[in-house]
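Please find below a note on the model, written for someone who has not looked at it before. The points can be read beside the sequence and the structure.

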Amino acid sequence: MRRYDFHGVPTEEAIDKIEQVIGEVRMKGQGETVEFITGHGVIKYEARDLLEKRYGFEIFSPLTSPSIRVTIE
């Protein structure tokens with residue numbers, strides 16, 4: 001499982017990286033579980049919104065978690 005830590009990373013840069021990771025996984029053609037370590041700030045909510053609403057992924061981490069675990073297919 002890949003892990004990405006976004007502590008101290010600007011929100012826009014973190015969202016761009018998440019979209020890049022989604023593209024990489026999809027190009028490989030096989031699903032992969034990825035963990036994005038976001039902390040409890042703005043990145044967490046922006047990333048959850050992107051993953052759930054834009055891409056329709058199910059997030060396996062509770063809202064109170066400082067990380068987001070998702071299977072990208």
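1. Basis of the note. The model is predicted, so local features need pLDDT of at least 70 and side-chain atom pairs count only at pLDDT 80 or more, while totals for chains, interfaces and linings use all residues. Residues are numbered from 1 along each chain as its sequence is written, and side-chain values use heavy atoms, with hydrogens and water left out.

2. Helix H1. Helices (H or I, at least four residues) and strands (E, at least two) are DSSP runs, numbered from the N terminus. H1 has 18 residues and spans 26 Å from its first C-alpha to its last, close to the 26 Å expected at 1.5 Å a residue; the expected span is 1.5 Å times one less than the number of residues. Gly-29 follows H1 and has a positive phi, near 80°.

3. Buried means under 20% relative accessible area, exposed means over 50%, and partly exposed is in between (1.4 Å probe, protein chains only). The buried residues of H1 are Ala-14, Ile-15, Ile-18, Val-21, Ile-22 and Val-25. Seen down the axis of H1, these residues fall within an arc of 115°, so they line one face of the helix; the arc is that of the directions from the helix axis to the C-beta atoms. On the face turned away from the buried side, H1 carries the exposed residues Glu-12 and Met-27. The buried residues of H1 pack against strand S1 (2-5), S2, H2 and S3, where contact means heavy atoms within 4.5 Å.

4. Helix H2. H2 has 13 residues and reaches 17 Å from its first C-alpha to its last, close to the 18 Å expected at 1.5 Å a residue. Its buried residues are Ile-43, Lys-44, Ala-47, Arg-48, Leu-50 and Leu-51. These residues are on the same side of H2 because they cover an arc of only 160° around the axis. Val-42, Lys-53 and Arg-54 are exposed on the other side of H2. The buried residues of H2 pack against H1, strand S2 (32-37) and strand S3 (67-72). After H2 comes Gly-56, whose phi is positive, near 75°.

5. Packing of the helices. How are two packed helices described? The angle between their axes and the distance between the axes are used. For helix H1 (residues 11-28) and helix H2 (residues 42-54), the angle is about 35° and the axes are 10 Å apart. Axes are lines fitted to C-alpha atoms, for helices over the stretch in contact, and angles run from 0 to 180 degrees between N-to-C directions.

6. Residues of the helix contact. H1 contributes Thr-11, Ala-14, Ile-15, Ile-18, Glu-19 and Ile-22, and H2 contributes Val-42, Ile-43, Glu-46, Ala-47, Leu-50, Leu-51 and Arg-54. By class, the contact has 9 nonpolar, 1 polar and 3 charged residues. Ala, Val, Leu, Ile, Met, Phe, Trp, Tyr, Cys and Pro count as nonpolar, Asp, Glu, Lys and Arg as charged, and the others, Gly among them, as polar.

7. Glu-19. Glu-19 lies in helix H1 and is partly exposed, at 24% relative accessibility. Neighbours within four places in sequence aside, Glu-19 is in contact with Leu-50, Arg-54 and Tyr-55. Glu-19 and Glu-46 are 27 residues apart in sequence and 12 Å apart in space, C-alpha to C-alpha.

8. Beyond four places in sequence, Glu-32 is in contact with Arg-2, Val-25, Val-70, Thr-71 and Ile-72. The C-alpha atoms of Glu-32 and Ile-72 are 5.4 Å apart, at 40 residues apart in sequence. Thr-33 is also found in strand S2 and is partly exposed, with a relative accessible area of 28%. Not counting residues up to four places away in sequence, Thr-33 touches Met-1, Arg-2, Arg-69, Val-70 and Thr-71.

9. His-7. The loop between S1 and H1 holds His-7. Residues up to four places away in sequence aside, His-7 touches Ile-37 and Gly-39.
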